[in-house]
Amino acid sequence: MKPKLSKPYKIWIDADACPKAIKEILFKTSARLKIELALVANSYQNIPMSPLITMTVVGKKLDEADQYIVEHVLKGQLVITADIPLAAFVVEKEAFALNPRGELYTEENIGEILSMRDFMKELRDGGAVTGGPQAFSAKDVEHFANALNALFQ
């Protein structure tokens with residue numbers, strides 16, 4: 001079943017860790033499709049002048065931006081985040097979460113992804129060298145753009 005975003009569309013961005021190339025795609029998408037875009041971060045970020053784009057700066061506490069998004073996202077809206085626990089909360093609220101590499105988190109896959117994240121954290125905490133994610137690439141940007149377009153078709 002193809003995921004269906006709810007109208008009126010709104011995209012939330014967990015902006016502190018979101019790559020610039022992804023934000024640029026989202027700014028263009030907002031303008032092209034007339035979609036409201038809400039960036040949430042712990043510090044101010046430059047955004048285009050647009051009545052469709054807002055920037056909310058929250059405090060510096062751990063996960064404060066995540067908490068803000070969870071409190072404000074509505075069913076059927078879209079959140080852009082690489083934060084797996086945030087994605088789990090978003091999916092629980094019947095909203096959609098898409099990571100900057102183009103992976104859509106769903107009810108079907110979020111449990112397994114969260115379990116794998118927790119397992120890898122346990123390994124690292126135990127001293128295992130597990131490495132991190134691969135460097136963000138042009139291919140990731142392409143996957144993201146394709147996944148975003150698929151959600152709005």
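Which residues are in contact with leucine 98, leaving aside its neighbours within four places in sequence? In this predicted model, the list comprises Leu78, Val79, Ile80, Thr81, Glu103, Leu104, Tyr105, Phe144, Ala147, Leu148 and Leu151. Leucine 98 is also one of the residues with the most contacts inside the largest nonpolar core, together with Ile11, Ile13, Leu26, Leu78 and Ile80. That core has 26 residues. Two or more residues are given to this core by each of strand S1 (10-14), H1, strand S2 (36-41), strand S3 (53-57), S4, S5 and H5. The most is given by H5, with 5 residues. Another core, of 17 residues, lies apart from the largest one, and Val40, Ala65, Leu86 and Val91 are among its members. In soluble globular proteins, nonpolar side chains tend to be buried together.

The protein as a whole contains 5 helices and 6 strands. Read from the N terminus, the order of these elements is β-α-β-β-α-β-α-β-β-α-α. Of its 153 residues, 41% count as buried. Among contacts in the protein with a separation of 6 or more, 50% are accounted for by residues 24 or more positions apart. The accessible surface comes to about 9,100 Å², and carbon and sulfur atoms hold 57% of that surface.

Helix H5 covers residues 138-151. Its 14 residues should span 20 Å at 1.5 Å a residue, and this agrees with the separation of its end C-alpha atoms, which are 20 Å apart. The buried residues of H5 are Asp140, Val141, Phe144, Ala147, Leu148 and Leu151. Viewed down the helix axis, these buried residues fall within an arc of 130 degrees, so they line one face of H5. They pack against helix H1 (20-33), strand S4 (78-80), strand S5 (96-98) and strand S6 (104-105).

Threonine 29 counts as buried because its relative accessibility is 4%, under the 20% cut-off.

Aspartate 140 is located in H5. With a relative accessible area of 12%, aspartate 140 is buried. Its side chain makes a polar contact with the side chain of arginine 101, at 2.8 Å. Leaving aside neighbours within four places in sequence, the contacts of aspartate 140 are with Pro100, Arg101 and Ala135.

Helix H3 spans residues 84-92, and its buried residues are Ile84, Leu86, Ala87, Ala88, Val90 and Val91. Of these, Leu86 and Val91 belong to the core of 17 residues. At the start of H3, the backbone nitrogen of leucine 86 is reached to within 2.8 Å by a side-chain oxygen of aspartate 83. After H3 comes glutamate 94, which has a positive phi, near 65 degrees.

Terms used
Residues are numbered from 1 along each chain as its sequence is written. This is a predicted model: local features need pLDDT of at least 70, side-chain atom pairs count only at pLDDT 80 or more; totals for chains, interfaces and linings use all residues. Side-chain values use heavy atoms; hydrogens and water are left out. Helices (H or I, at least four residues) and strands (E, at least two) are DSSP runs, numbered from the N terminus. The expected span of a helix is 1.5 Å times one less than its number of residues. Buried means under 20% relative accessible area, exposed over 50%, partly exposed in between (1.4 Å probe, protein chains only). The arc is that of the directions from the helix axis to the C-beta atoms. Contact means heavy atoms within 4.5 Å. A polar contact is a pair of N or O atoms within 3.5 Å; within protein, one must be able to donate a hydrogen and the other to accept it, and residues adjacent in sequence count only if both atoms are side-chain atoms. A nonpolar core is a set of buried Ala, Val, Leu, Ile, Met, Phe, Trp, Tyr and Cys residues joined through side-chain atoms within 4.5 Å. Accessible areas come from the Shrake-Rupley method with a 1.4 Å probe; for residues, only the protein chains shown count as cover.
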